[in-house]
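Biologist: Can you put the model up? I have some questions about its interfaces.

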Amino acid sequence: MADVRKRQPKVCDYYTSEDGFSPGVAFCSGCVLELNLRFISRVLGPDIIFVGTPSCSAPVLHGQNTMAWHKHAYYACTMTGVASSATGLSRYYEKAGIDATVVCHTGDGCAQDVGFQTLSGAAERNEKMIYVCYDNEGYMNTGIQQSSATPFGASTSTTPTGRASKGKTTGSKNMPMVMAMHEIPYVATATLSHLEDYAKKLVKAKEAAKRGFVYLHVFAPCVPGWKIATDASIQVCRDAVKTNYFPLWEAEDGVFRITQKVKDVKPVEALTSTVGKFKHLKPEQVAILQGQVDQRFRMLQALCAGSAAVEAPAE
Amino acid sequence: MERWHTHVLREKIDPSSMLIQGNRACALGALDAGVRFFAGYPITPSSEIMEAMAVELPKVGGVFLQMEDEIASICACIGGSLAGQLAMTATSGPGFSLMQEAIGYAIMVEAPLLIVDVMRAGPSTGRPTAPSQGDVMQARWGTHGDHPAVVLAASNVADMYRLTMAAVRFAQRFRTPVTLLADEVVGHMRESFAPELIDRYRLTSGDFDFSPSYIHPELVREVHPPHVLGSEAHPHVTGLIHDETGFPTNDPQKSEKFLRELYDKVGNHRDELCLYDVKNEGKGRVCIVAYGSCARSARAAWKLAEKEGLQVEVLHLYTLFPLPVEIIQKVARRVEFMLIPELNLGQYAREVRKMAENWTTVISMGKIDGTLITPREILDRVTELVGKYESV
């Protein structure tokens, strides 16, 4: 049978169930969150319990649509207590022998700022759940304010650009790495332009969540917040990967591995020039951002080498 | 005059009137009152205050901080305040709940602060874009232990400006946190706002002194001398009950003295702190006691009633706490009914009842469906009361 080439799996091969979300959900036009939620729902199957907060995904998950709805169980808790609220669920399910996956689905503001304390606590206790942070680099639902995920130089309503203020002065928190340092079973980054990669990670996440805490960091550009065209969000995701601005990697039991190795890395300007929130950046500011991106990538490479992982073949 | 409206936009504007949002008017009021430190966290419906501060504070050399949550926001404000800079934060119900522990701390260490709570329908996430007055008792008793509270309530855009100034002044004079409550609709509403109006009703004399250890000469016997961190004195600041040296004490006499002094510095100055407006004074059998957006409906109801040949009195409260005991009791002596329309289930009506029930019948009119109380609804209730008891 050597002449039969092994068929490469396609994204749809990872689907285990129907899409749990009805048509007509209330996301902004061009928002990748809709794809993200539908994708999680299809890959992880029907037995998931979403835990979320007031956020961009709230209008859909909370059911604030007029007609659209979803089939999943949903627990809308407070911003501060997502991971601890989910802890209550997962501990009870474990005790009662219920086979269900608890999936926290929050934005970067909740995961990295206001809900960070409980997230870190749950990771340290190695609670059995998946925590998905969709990173749109700011508080988009309340009107595009900065968060600790907002990158250097980005313009938001609280880091305005003008005479006295030139966008955000500090870089973003390297959140997936922070979570990896909690030494939990599985940490990965993913984005919506690389769905196959994302699907593999979700499948691994579901397995790893039987052993302990899983953190997935999903890069999710915001159309109005980033001032991009409604048809550009997937391209922005792709550019973020190609420029190493958002490298796709995973850490399985402490072994780091880059899952999408980029052959010809583009300068970060390939991303910033297409995104409105970076439009005002001067070359020297872009250079600072490039420096941060390079530094982070070098650290990631060092971790991959240091944890003796075998890297994926180049794309 | 020139001083404050230049903050709005760089271009020349017609000073007679301008269209401005309530939240933005609040930010301008704070800037004019001299606030140069803001730490906050985004939350609907108060985010515009923070956004305005993010734009304006860097221009005047102030400190603007977006913090990781509301607990961090108020704690940063206490830090700024203890370093000698009067600080401000703005939030809504859920964030205000998170702040409560630190508000108690600020009262204890006597840190002057301004907290703006733009109220949305609660509890919990509630309805973020629906107006409410559900945080009234949280503003009074949200933090634990016996403590004083200064709480103001804004009813329109001009109020957002002038009451912010008043709140800053009270905070600075009495060295205590002051809460300014606004209903969502007051924060988000845009209306014309004339500078002349501000001058006419200016509540503050503008005699701010922001030097860190300043206490107004009138108050030196009542307000404890501030401990300024960063001064040469190396002070000790603690949330434990302490004496005037700043060090903790377990002495029962000193403990009681300290707490009573905290209470009295506010309670003894009700005449200064209690701001209100009486309309149609001494006429009619019913007085509508109202604050926030309901006060506007109450004023409209009074005009409507006048057209229909009925007299009603309106007591518009700008200060909710300390309780305006004197004016409530004065009005209670002359009317048969006090009607209190509010966007909660009678939180403030209970307070009024305690003060006035010896002289009058206090009737609560609560609404919690996320809509405003209309003048007609108030008037219908008044007509019902007057008609019902006509023969009595």
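**Domains and interfaces**

Modeller: Chain B is split into domain 1 (6-214) and domain 2 (279-388). Keep in mind that this is a predicted model.

Biologist: How far apart are the C-alpha centres of domain 1 and domain 2 of chain B?

Modeller: Those centres lie 27 Å apart. In chain B, 27 residues of domain 1 are in contact with 22 residues of domain 2.

Biologist: And how much area do domain 1 and domain 2 of chain B bury between them?

Modeller: About 1,800 Å², with 56% of it on carbon and sulfur atoms. On the domain 1 side, Gln133(B), Met137(B) and Ser155(B) lose the most area to domain 2 of chain B, together 30% of what that side buries.

Biologist: How many salt bridges cross between domain 1 and domain 2 of chain B?

Modeller: The rule finds one across that interface. It also finds 14 residue pairs in polar contact there, both residues at pLDDT 80 or more.

Biologist: Which classes make up the domain 1 side of chain B that touches domain 2?

Modeller: That side has 15 nonpolar, five polar and seven charged residues.

Biologist: Switching to the chains: how many residues of chain A are in contact with chain B?

Modeller: 17 residues of chain A contact 17 residues of chain B. The area buried between chain A and chain B is about 1,400 Å², and carbon and sulfur atoms give 58% of that. In chain A, Thr142(A), Thr158(A) and Arg163(A) lose the most area to chain B, together 28% of what that side buries.

Technical notes
Residues numbered from 1 in each chain as written. Chains lettered and ligands numbered in written order. Predicted model: local features only at pLDDT ≥ 70, side-chain atom pairs only at ≥ 80, totals over all residues. Heavy atoms only, no water. Contact = heavy atoms within 4.5 Å. Buried area = accessible area lost by both parts, 1.4 Å probe. Domains from an automatic or database assignment. Salt bridge = Lys/Arg side-chain N within 4 Å of Asp/Glu carboxyl O. Polar contact = N/O pair within 3.5 Å; in protein donor to acceptor, adjacent residues only side chain to side chain. Nonpolar A, V, L, I, M, F, W, Y, C, P; charged D, E, K, R; others polar.
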